[in-house]
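Take a first look at this fold.

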Amino acid sequence: MEVLGREWARLRASPFDLAMLSWLPLLMGLLLIWTFAAGLPTRLPIGILDGDHSALSRQLSRMLDAAPGLQIAAQFSDEGEMQRALRAGRVYGALVMPAGFSDEIKQGRAAKLALLHNAQFATHSGLIQKDVRTVVGTLSAGIEIIAREKRGQSALAAHEGFEPLRANLQAIYNPTLNYQQFLAAALLPALLHMLAMVAGAWAVGVELRDATAPQWLAAGQGQVLPAVLLKLLPATLLLNGVNLILWLLMWQLGLVQRDALAVLLGLHALMLALYWGLGAFVALASRSLRTALSAAGFITAPAFAFSGLAFPLMAMPGGARQWAEALPLAWVLEAQVGLLQQGRAAAALLPLAGWLSLVTALLLLASAALLKRAAVTPACWGKR
């Protein structure tokens with residue numbers, strides 16, 4: 001227990017270290033939840049370049065502005081003005097209605113509209129394309145049905161003849177496209193797993209840097225494994241406490257079911273323990289705090305990009321996919337999505353929990369073995 005008291009004293013003496021494990025990750029987590037509070041982006045600004053100035057073009061503009069995901073933020077008079085607005089980010093897309101397109105439709109010929117959008121903003125671009133396609137399709141269907149009725153078809157026959165084959169699209173997972181439920185929930189463990197590995201590397205690395213590893217081992221009465229476990233326990237309690245508060249808030253917001261909450265918290269606790277052990281192991285193996293922190297950044301910072309949520313895992317090159325599958329975060333996020341959005345049973349997560357526990361145990365045992373050597377080897381001390 002002397003190791004535990006010693007670590008708590010170190011944290012109290014360093015407000016920055018304590019903040020990195022307590023109120024700062026809590027504040028960042030709350031900021032993530034608040035950022036995606038809208039759930040689904042709405043009223044995305046687009047512009048209109050109306051070269052036709054007809055009743056049909058004005059009707060299309062009104063329908064676009066009435067779509068919940070769109071807002072007509074600008075009416076352009078020429079292409080130069082439109083391009084400047086797109087480059088400046090004042091609008092995310094612009095619909096070009098060429099001169100004479102309403103006359104083309106009246107004469108029974110197909111007319112084309114051009115949607116220019118900034119694909120660098122993938123989410124904005126996808127939502128704008130979907131809503132514009134829906135509005136234009138609705139208007140086009142109405143025009144075609146009216147034309148069929150004028151040719152003598154009944155209203156029912158006109159509707160059925162226009163769309164003889166229909167696809168019934170049903171989203172079974174995250175049907176409302178709630179970004180708070182999907183993206184904020186995924187970013188919370190991604191944030192905490194970075195802090196966990198950095199905390200493990202820092203807690204052990206400063207002992208080597210300050211040449212206090214012998215005192216650390218002596219506080220553990222020569223028992224290396226308890227010394228490692230008690231060294232990491234304060235960070236474990238603090239970050240898991242932060243995780244508990246954030247997910248209780250997610251539960252209050254209705255984004256996680258009560259029966260899934262305990263399972264999810266247990267899964268996150270195993271993941272954080274693994275990354276604490278990995279940070280400690282890298283620090284002791286490299287005998288350098290600087291190297292350990294660099295490794296923590298290299299492993300955890302890009303981990304979310306390799307998780308398969310931002311870019312499909314199956315579309316990655318072989319090397320990238322192998323790296324992704326070696327990262328525990330990717331498996332934890334896959335299990336989390338299955339639990340929260342796909343109705344996966346908690347029992348299905350037992351193999352993953354077993355593997356996380358096994359790897360954590362191996363890392364802690366390896367760290368204990370390395371500590372026994374480092375504590376009696378002056379060459380390991382004082383390195384940055």
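Helices (H or I, at least four residues) and strands (E, at least two) are DSSP runs, numbered from the N terminus. Tyrosine 92 lies in the loop between α5 (79-88) and β3 (93-97). This is a predicted model: local features need pLDDT of at least 70, side-chain atom pairs count only at pLDDT 80 or more, and totals for chains, interfaces and linings use all residues. Residues are numbered from 1 along each chain as its sequence is written, and side-chain values use heavy atoms, without hydrogens and water.

Two tyrosines have these contacts (heavy atoms within 4.5 Å), leaving out residues up to four places away in sequence.

| Residue | Contacts (within 4.5 Å) |
|---|---|
| Tyrosine 92 | Pro45, Leu86, Leu116, His117, Asn118, Phe121, His124, Ile128 |
| Tyrosine 275 | His193, Ala196, Met197, Thr300, Leu327, Pro328, Leu329 |

Tyrosine 92 is also 36 Å from glutamine 322, C-alpha to C-alpha, and 230 residues from glutamine 322 in sequence.

Now the cores. A nonpolar core is a set of buried Ala, Val, Leu, Ile, Met, Phe, Trp, Tyr and Cys residues joined through side-chain atoms within 4.5 Å. Buried means under 20% relative accessible area (1.4 Å probe, protein chains only). The largest core has 78 residues, and Trp247, Met250, Tyr275, Trp276 and Leu371 have the most contacts inside it. Helix α12 (residues 258-286) gives the largest share of this core, 15 residues. A second, separate core has 17 residues, including Leu44 and Leu95.

Notes: Buried means under 20% relative accessible area, exposed over 50%, partly exposed in between (1.4 Å probe, protein chains only).
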